[in-house]
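Let's take a walk through this one, from the packing inside to a few side chains worth a look. Keep the viewer open as you read.

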Amino acid sequence: MLKINHIAKTFNPGTITEKKALVDVDLHLMPGDFVTVIGGNGAGKSTTLNAVAGTFLVDKGTIEVDGVDVTRLPEYKRAKYLGRVFQDPMTGTAASMTIEENLALAYRRGKLRTLRWGISNKEREAFRQALSTLELGLEDRMTSRVGLLSGGQRQALTLLMATLQKPKLLLLDEHTAALDPKTAQKVLHLTRKLITEDNLTAMMVTHNMKDALQYGNRTIMMHEGKIILDINRETKAQLKVDDLLRMFEKASGSGIVNDRMLLG
């Protein structure tokens, strides 16, 4: 489903601010894989997701999504294959538009545009049913502006929008980091529910080691732009956070560089 073949990326090459962000990253995801990505600040986690999404072009290597080589495709052409949720709940939705209008934009992403304007009754009913699965009562507020929603409600809506068209690959970039712990857990449970029910392939960046072990069927750990650990479901099930810390220290040759990785 996703093939990242030996990609590399250096920002500001040849300058005093040169940064080797990705170094020979090689990662293959099978259909239905739910991979959590963990590592310290600057490890290359979000950079890897940005490379897949087309935020920038890689210096070398290739990226394939569902058998399609997207390495040189611009970001907007990759969008039809991808769903994405960012850390900031304010990103990914249009605050001045209503809930149903936001869903309509997501529903029509990648489709041929026509002169037809507005939302059909059939679409509106489909949106209502989809919103009801969130169990937040948003199906009764479809004409409310998104800017009136709480951060958790808005992030849940963004997640729904990202999965509405059943993307080939779902990219989650610390999508619960800006939420309070209780709300974050609700959004994580919803994430797992949507991924499982639709059998989506997903990558979820997190700083939380406990969440990295609890969610998904694989965990990869990055350090200095490289993947240093790739842990399968069977091994994950036997690990605790302390075990993961020891594995990181052994593989990287260093200790944890920021406290956020210790959050439970």
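## Ground rules

This is a predicted model, so to speak by its own rules: local features need pLDDT of at least 70, side-chain atom pairs count only at pLDDT 80 or more, and totals for chains, interfaces and linings use all residues. Residues are numbered from 1 along each chain as its sequence is written, and side-chain values use heavy atoms, with hydrogens and water left out.

Start with the largest nonpolar core, which has 32 residues. A nonpolar core here is a set of buried Ala, Val, Leu, Ile, Met, Phe, Trp, Tyr and Cys residues joined through side-chain atoms within 4.5 Å. Buried means under 20% relative accessible area, exposed means over 50%, and partly exposed is in between (1.4 Å probe, protein chains only). Ile 99, Leu 103, Leu 131, Leu 157 and Leu 170 have the most contacts inside this core. Two or more residues each come from α3 (99-107), α4 (121-132), α5, β7, α6 (181-197) and β8 (202-205), and α5 gives the most, with six. These elements are DSSP runs numbered from the N terminus: helices are H or I with at least four residues, strands are E with at least two. There is also a second, separate core of 27 residues, including Ile 4, Leu 29, Ala 43 and Val 65.

Leaving out residues up to four places away in sequence, Leu 170 touches Gly 83, Arg 84, Leu 159, Ala 162, Thr 163, Ile 195, Leu 200, Thr 201, Ala 202 and Met 203.

## Aromatic pairs

How many aromatic pairs does the structure hold? There are two. Rings of Phe, Tyr and Trp (its six-membered ring) pair if their centres lie within 6.5 Å; planes under 30 degrees apart are stacked, over 60 edge-to-face, and the rest tilted.

Phe 11 and Phe 56 have ring centres 5.2 Å apart and planes at 85°, so they're edge-to-face. Phe 11 sits in strand β1 (residues 2-11) and Phe 56 in the loop between α1 and β4 (60-65), 45 residues apart. Phe 11 is partly exposed at 31%, while Phe 56 is buried at 15%. The other pair, Tyr 107 with Phe 127, is edge-to-face too, at 5.9 Å centre to centre and 75° between the planes. Tyr 107 lies in α3 and Phe 127 in α4, so this pair ties together parts 20 residues apart in sequence. Tyr 107 is partly exposed at 29%, and Phe 127 is buried at 2%.

## Helix α1

Eight of the nine residues of α1 (residues 45-53) are buried, so the helix is largely enclosed by the rest of the structure. Lys 45 and Asn 50 are among the buried ones.

Lys 236, in helix α8 (residues 233-236), is buried yet has no salt bridge. A salt bridge would need a side-chain nitrogen of Lys or Arg within 4 Å of a carboxyl oxygen of Asp or Glu. The nearest side chain of opposite charge, Asp 230, is 9.4 Å away (Lys and Arg count as positive, Asp and Glu as negative; His and the chain ends are not counted).

Thr 191, in helix α6, is buried at 2% relative accessible area. Beyond four places in sequence, Thr 191 touches Phe 34, Leu 159, Leu 172 and His 175.

Definitions and conventions
Contact = heavy atoms within 4.5 Å.
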